[in-house]
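Reader: I'm new to reading structures like this one. Could you walk me through a feature or two?

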Amino acid sequence: MNKTIDFRSDTVTQPTPEMKEAMFNAPLGDDVFGEDPTINELERYAAEMFGMEAAIYCVSGTQTNQIAINIHVQPGGEVITNVDSHVYKYEGGGIARNSGASVRLIHGNRGRLTAEDVKQWINPDNVHLPITQLVSLEDTSNRGGGAIYDFEEIQRIRKVCLENNLPLHLDGARLMNAMVENGIDLKTYAAEFDSISLCLSKGLGAPVGSLLIGTKDFIHKARRVRKVFGGGMRQAGIIAAGGLYALKNNVARLRIDHKHARMLGETLEEQNWIKEVVPVDTNIVVGVMENPDDLQKVLSKLEDEGILAMDFGPGMIRMVTHLDNSSEDIDRTIEVLKKI
Ligand SMILES: *Cc1c(COP(=O)(O)O)cnc(C)c1O
């Protein structure tokens, strides 16, 4: 029996022995008291890395996004975001449920917004309309097949936000995948945002956790909201140590995942059962089936060979590369894909 090769998501990674060692040896304390040295170090390290004032370690990317939205908007307010964004599509209606706010959904190119979109959909001061209170971007875009923002577009969006007194939030679940490709200095990039959410549990390979990064005042508010959302943890340094290890060691190697993804994308493109492959910018490969009805057949043929991929909506197959894929795994997958 071959080893299972899991491309369903980059969330499936196992901590490496070195990461486990760091977790095993982490000094711990009660983080609700602010006394976990490992979490304090992780938060300091991340804030410094991003050139921002402060950070807070949270359970998940959903939690960091929802905390940020809760601070930025009031009930009856409105968030401008892309229709495919995680904050809208995959957080259980949390914007309405947790914050009582509505959403202005923009259809755009591979999960992204433009400055023109934002400008067009900021509501004027009119009693009929919800008050636009936040713009939320996603980089890389998951539904957009790992698409990266053009930094100049982010700067144009920021300018529109500043002109209209609107905060700008980034769902940077896979931000590091964008940063190793876009060549922009992280601090320069981060300076365009009021708050940034970063997943440690995706391509970075930690078992649990996300960071929310922003100003001191913002993160002070976030501590209160995290507690209200049930996210105050105690000796959580034992898991945060995996995140700290990941930030220190697993960023540059994301390029390997991207190379693997391009190889899979090129192979998929050559198959007659694939109509097209969404351009592979980072670690996400999305193939559009020639015949949507064949999707389940393809997935189960792959599964018979111990290769797991994901049904990504009607007629679409998604494969995400990550640090548990060796180059041998990629070679074997390419052979299997060619034989389907
Ligand atoms: C995974 C992901 C999140 C957060 O997901 P959690 O499973 O809650 O950690 C947020 N945004 C995007 C774009 C994601 O892919």
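Reader: Let's start inside. Which element gives the largest share of the lining of the largest cavity?

Author: Keep in mind that this is a predicted model. To read a lining, you ask which residues surround the space and where they sit in the chain. Here the largest share comes from α8, with three residues. Both α8 (175–182) and β7 (195–199) supply at least two residues of that lining.

Reader: How many cavities of 30 Å³ or more does the structure hold, and how much space lies in the largest cavity?

Author: There is one cavity of 30 Å³ or more. About 40 Å³ of space lies in the largest cavity.

Reader: Which residues line the largest cavity?

Author: Look for Ala173, Arg174, Leu175, Met176 and Asn177, then Leu198, Cys199, Lys202, Gly203 and Leu204. By kind, that lining splits into six nonpolar residues, two polar ones and two charged ones.

Reader: Okay, on to cysteines. How many disulfides does the count come to?

Author: The general idea first: a disulfide is a covalent bond that joins the sulfur atoms of two cysteines. In this model the count comes to zero disulfides. Take cysteine 58: the nearest cysteine sulfur belongs to cysteine 199 and is 11 Å away, while a disulfide needs the two sulfurs within 2.5 Å.

Reader: Is cysteine 58 buried or exposed?

Author: Check its relative accessible area; under 20% means buried. Cysteine 58 has 0%, so it counts as buried. Cysteine 161 is buried too, with a relative accessibility of 0%.

Notes. Residues numbered from 1 in each chain as written. Predicted model: local features only at pLDDT ≥ 70, side-chain atom pairs only at ≥ 80, totals over all residues. Heavy atoms only, no water. 1 Å grid on protein atoms, 1.4 Å probe; cavity = no way out; pocket = protein on both sides within 12 Å on 5 of 7 lines; lining within 4 Å. Points joined across faces, edges and corners; volume = space filled by probe spheres on them. Helix = DSSP H or I, 4+ residues; strand = E, 2+ residues; numbered from the N terminus. Nonpolar A, V, L, I, M, F, W, Y, C, P; charged D, E, K, R; others polar. Buried < 20%, exposed > 50% of the residue type's maximum accessible area, 1.4 Å probe, protein only.
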